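Keep the sequence and the 3D view open side by side as you read.

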Amino acid sequence: MKKGFIVVLALLVMCGLSFSAPVTSEAKTLTIGLNVPMTGDIPKVGESSKHAAQMWLEDIKAAGGLKVGGKTYKVALDIEDNESKADSAVSVATKMITQDDVLAIVGPQSSKQAVPAGEVCNNYKTPMISPWSTNPATTDNRPYVFRGCFLDSFQGPVMAKFVTGEYGFKKAAVLYDVASDYPKGLAEFFKKAWEKMHGAGSVVAFESFTTKDTDFSSQLSKIIKSGAQFLFLPQYYNEVPLIVQQAHALGWKNPIVGSDSWGSPETVKLCGKDCYGSFFCTHYAAAGAKGATKAFIDRYTKKYKEVPDDVAALTWDSLHIIQKGIESCAKLTGKVKKDREALRNAIAKIKDFKGITGNMTFTENGDPIKCAVIVKISDKGEYKFYKSVCP
Amino acid sequence: MTYFLQNVINALQWGSFYALIALGYSMVYSIMMLFNFAHGDIFMTGAYIGLGIATGLLAIVSSGVIALPGWLILVLTIIISMFITSLLGVLVERIGYRPLRNAPRASAAITGLMIGIILETGNLALLGAKRFSFPPLIMTKAYNISGVFVTNKKILVVLVSLTLMLALDLFVRKTKWGMAMRAMSYDFVVVPLMGVSIDVIAPMTFAIGSGLAAAGGVLYGVAYPVLDPYMGILIGWKAFVAAILGGRGSIMGAALAGFLLGFIEIFVTMIFPSTLRDLIAFSIVLVILTFRPHGFFGKPYSAKLRL
Amino acid sequence: MEVKKSNPGNTKRFSGLRHFFSGIPASGWLLAAFAAVLLEFYVGDPLTEILGLPKIPALFGIVIILKKPHLIPGAFAYVGLIYLLPIIIVAKITAPATNWVSEKLDRMPLWFSAILHLVLLYFVLEIWTDISDYRLLMLKLTLIAIMITLSLNIINGYMGEFSCSHPGFIALGAYVASVFTVGLFVNDRLLGHALLPQALGQFLFPIGLILGGLVAAVGALIVAIPSFRTRGDYLAIISLAFMFIVKSLIENLEVVGGPRGLGGQPDWATLPTVFVWAVLCVWTINNFVESTMGKALNAVRDEESAADAMTVNTRKTKMIAFMFGAFWAGVGGGLFAHVLRYVNPGTFGIKKLAEVLAMVYFGGLNSVFGSIVGAVSFNLLSEALRPLEIFKWIIIPVLLILVMIYRPTGLIAFKHFNVKKILRPRPGSKERV
């Protein structure tokens, strides 16, 4: 028996040693984690994030790596699927931080995952940027957590003011998904802002449905009956076409106004003519974009055969914020814990970052101050810049 | 009044889908005492197959080989999709249920659940994460009848599903095969001894149920033209509730319960704040089952029949 | 099982292998595991460097397999050198000693012996998780998964009903426990100032968990009253309706954050806490199913009218078992919320249901051991296959279908979990060699 053990032992050691040589050279690589949902409720979000991240990595590779303090570092992406589940997002974040030694994490995208994962990142002092999460709790009291988009508390009033100025309406209706964090938050901020401007009861219909619903006829009938002058629809692209089409089939002729979640090109592709002429508030306008934004859109469209949605654009910006943070570090020590701290301070200091979704400066809380863009869907189905609203 | 009528029409359309899916659940449940949890995803697959066929037919038409009007394409799509999805149903029975015929019923339910997950993720892997819009085969026409808005699509959905339900009812009540099915649901042990083979009846049950689900899927695509791989889950589980609410052994009971569930959901939204819809709708289901524990048309029976 | 009779050499080898291990008692294995984790604690780092691994493999290397295939040999070597070889060697060498100890313990009360073993097991886990926090998190989640799986096994396995309300029970437990801790001990925007000092909270945390369990049990009563009036499958839809109701209820409760969820739970679900609760759960559930009540439950499952004739109060039995299962699901939910330190209603939907059902049926019905195996293997598999992204959710269902086809009641079904038998000394091999 003893002989057997020795043989096995020797084999194992040899086996291990023979593979050890090439691995040690990986030491200088900087790893950035990407904690995104590739399966589950919103696989499209994960796909867009992954595409944007891969494009970013291509750029870095083409440049030969990231230059920090005179040294060049290779960059690797660690893309993990969090299945759109809160517990998986936490496991993935923990794994990235403690096992894969990532320098920073981008994602999770949706708030239900970004809030718990933010807790993990903050506890382990690892910078995290959630490109898409709009829940205030994500960054609240968490110095290591940032976000790439504006908050609902900003967007709600922007839309209320815009509609009042544009149409001069007094009576609003809102239809939102009660089971989803983002639409619900935005709907409430909008309601508050609207009632502040037009008095209590001026939101005449405040209706809801549940995620994955497809029939909104009853809610829409109620909204039509309420005599609202327009409908505010803070929904994602998979519901917007259905709601708009059903509203028109039920005889609704007033304007429908949307939020930044309309920003995907899929909205108009799925919705067709019914959505033409609608306004919505978003991070950037794809049609008529200039400069870096246009370059990004053209490249992305060429590479992946689709126009990038807001998730892709925001992920791209978040990665560039991290890149800028890394580059503005004086030097990297090679000790992950110290570097993370340095990176966090560098990101917090970034002023007027010129992203494709607008200029950003972070507040104390890690939320960006950036402008919102009001976009009109043209008669050709393009997203045309209408006006810009800054805080 | 117009508001009320409007909601009746809304509920008829919404209930049609529950009813069509619940029928498939109910058939498998009545005849084989099984929960076919893959059914919601078979519905989804049916819709996608319909999408493929409709796109294909439209391409053929636009290439000018043959001229077909929109409604004919729709009819063809429904029929072909029903046929292909029936084959899928037979396959599901073959893989997931037949090997487990002597196993506890719950194990078969789990294989069904897993086949459902495979269909969802398989779709996601094949077609990618983007949503598809169902091609508009017929133009939406909205009729305003003194304040009540009705579209041609709504009428179509309700009519086609009612026709299919009637056809199924006739099949089950009037044909020899239907009689065999009813016999099987009456006694699972003795009837096979009488020369009715379970290996014929079971695939047939799955085929018919899946075919109905596919018709539902195509109609769904016409009415709600955004398809995604997970679209069958929620509607499937709710239709499952309707199927059992209808009562075992009563196929028409399932259809009625499907319509009822649609009406409950729509009218709860009409009367109460819509945020409370699921809460109130399912509480009503709970109350109904407390007072009518065997569903509407079901008879008391022993669930241990096949354990 | 796979051994063919026509190949005597093969049979001999296998029985030899079995023989080789059969002389080692549970305490021996634990001691060996202890030695292995100590070894890892002290030489893990240098060894990983020698083997060229970037880090100590977190979960026996399974996480690396698909992500960085070139590290597989190193990971294998590591697992072999740190776990397999030391465990086998130490277990074998100490076998006479551990057998002697086990024999002595065998004569003492069972609880004493069990606690000693558990303490040793705890230290093994504690040292093992000391290496990496990822391990710690996975271990906590797995222990909670064991609790939840086991509690569902009472209903779906031992009672033979089909319940879909487990996510609802978990949600109730999670929310009640969270409201208890967040409301009383944390300054929170949602629920106001802390009413009691934080220091006290650690001791009152079990009360929160038990409260969560009790509320879940009351929820179970609501499901049970209409469902168990008659026989049949109505539990399946009533419980499903209940799950939807709970989810919708929480979404509408602004006090606990609605769909935004409730965060900021204090970090009290430490490894000792989770471990103790998991052990308590396994222990009480095992006692329950081995008791007269548990036997009555099996009788109800196998033939209700016969059980009724044998003076079993079937309705009461079912209701108690159902509430008992819900209680432990609630406690598991409370721990789950405090491990993640965030809960939202969306977590407790149909997806969770499919996951819990998969764990129960994968592991095995009517078996405590099966539930443990099911929960652990499902969690490990789920982590190992994560890099496959979409294909993970094709492979796992296919595996489960295969298990169902070849072992319709699960991997390890209908097996008694006899603590005394597990802990008994095994000096058998001494005489035979």
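Chain B has ten helices and four strands. Helices (H or I, at least four residues) and strands (E, at least two) are DSSP runs, numbered from the N terminus. This is a predicted model, in which local features need pLDDT of at least 70 and side-chain atom pairs count only at pLDDT 80 or more, while totals for chains, interfaces and linings use all residues. Residues are numbered from 1 along each chain as its sequence is written, and chains are lettered from A and ligands numbered from 1 in the order in which they are written.

**Chain B as a whole**

- Reading from the N terminus, the elements of chain B follow the order α-α-α-α-β-β-β-α-α-α-β-α-α-α.
- Chain B has a radius of gyration of 20 Å, close to the 19 Å that the globule rule gives for 307 residues, so chain B is as compact as a globular protein of that length. The radius of gyration is taken over C-alpha atoms, and the globule rule is 2.2 Å times the number of residues to the power 0.38.
- Along the principal axes, the C-alpha atoms of chain B fill a box of roughly 55 × 50 × 40 Å.
- Of the 307 residues in chain B, 58% are buried. A residue is buried if 20 or more other C-beta atoms lie within 10 Å of its own, exposed if 12 or fewer, and partly exposed in between, with C-beta atoms placed from the backbone.
- Among the contacts in chain B with a separation of 6 or more, 80% are between residues 24 or more positions apart. Two residues are in contact if their C-beta atoms, placed from the backbone, lie within 7 Å.

**Chain C as a whole**

- Chain C contains 19 helices and two strands.
- The radius of gyration of chain C is 23 Å, close to the 22 Å from the globule rule for 433 residues, so chain C is as compact as a globular protein of that length.
- The box filled by the C-alpha atoms of chain C is roughly 65 × 55 × 50 Å, taken along the principal axes.
- Buried residues account for 54% of the 433 residues of chain C.

**Where chain B meets chain A**

- Here 27 residues of chain B are in contact with 28 residues of chain A.
- On the chain B side, two or more residues come from each of helix 1 (2-32), helix 4 (105-127), strand 2 (142-145), strand 3 (148-151) and helix 9 (251-271) of chain B.
- Helix 1 of chain B gives the most to this side, with five residues.
- Sorted by class, the side of chain B that touches chain A has twelve nonpolar, eleven polar and four charged residues. Ala, Val, Leu, Ile, Met, Phe, Trp, Tyr, Cys and Pro count as nonpolar, Asp, Glu, Lys and Arg as charged, and the others, Gly among them, as polar.

**Where chain C meets chain B**

- This contact takes 37 residues from chain C and 43 residues from chain B.
- Helix 10 (234-252), helix 15 (350-363) and helix 17 (392-406) of chain C are the elements that give two or more residues to the chain C side.
- Helix 10 of chain C supplies the largest share of that side, eleven residues.
- By class, the side of chain C that touches chain B has 26 nonpolar, seven polar and four charged residues.

**A sheet in chain A**

- Five strands of chain A form an open sheet in the order 4-1-5-6-7, with parallel pairing. Two strands pair if DSSP finds at least two bridges between them.
- Strand 4 (75-81) and strand 7 (145-147) of chain A are the edge strands, each pairing on one side only.
- Strand 6 (residues 128-130) and strand 7 of chain A pair in the parallel sense over three bridges, and A:Ile129 stands opposite A:Phe146 in strand 7 of chain A.

**A hairpin in chain A**

- Strand 16 (residues 372-377) and strand 17 (residues 383-389) of chain A pair in the antiparallel sense over six bridges.
- These two strands form a hairpin with five residues between them, and A:Gly381 in the turn has a positive phi of about 80°.
- A:Lys376 stands opposite A:Lys384 in strand 17 of chain A.

**A closer look at A:Glu266**

- A:Glu266 lies in helix 9 (residues 265-271) of chain A.
- A:Glu266 counts as buried because it has 23 C-beta neighbours inside 10 Å.
- Leaving aside neighbours within four places in sequence, A:Glu266 is in contact with A:Tyr237, B:Lys130 and B:Arg131.
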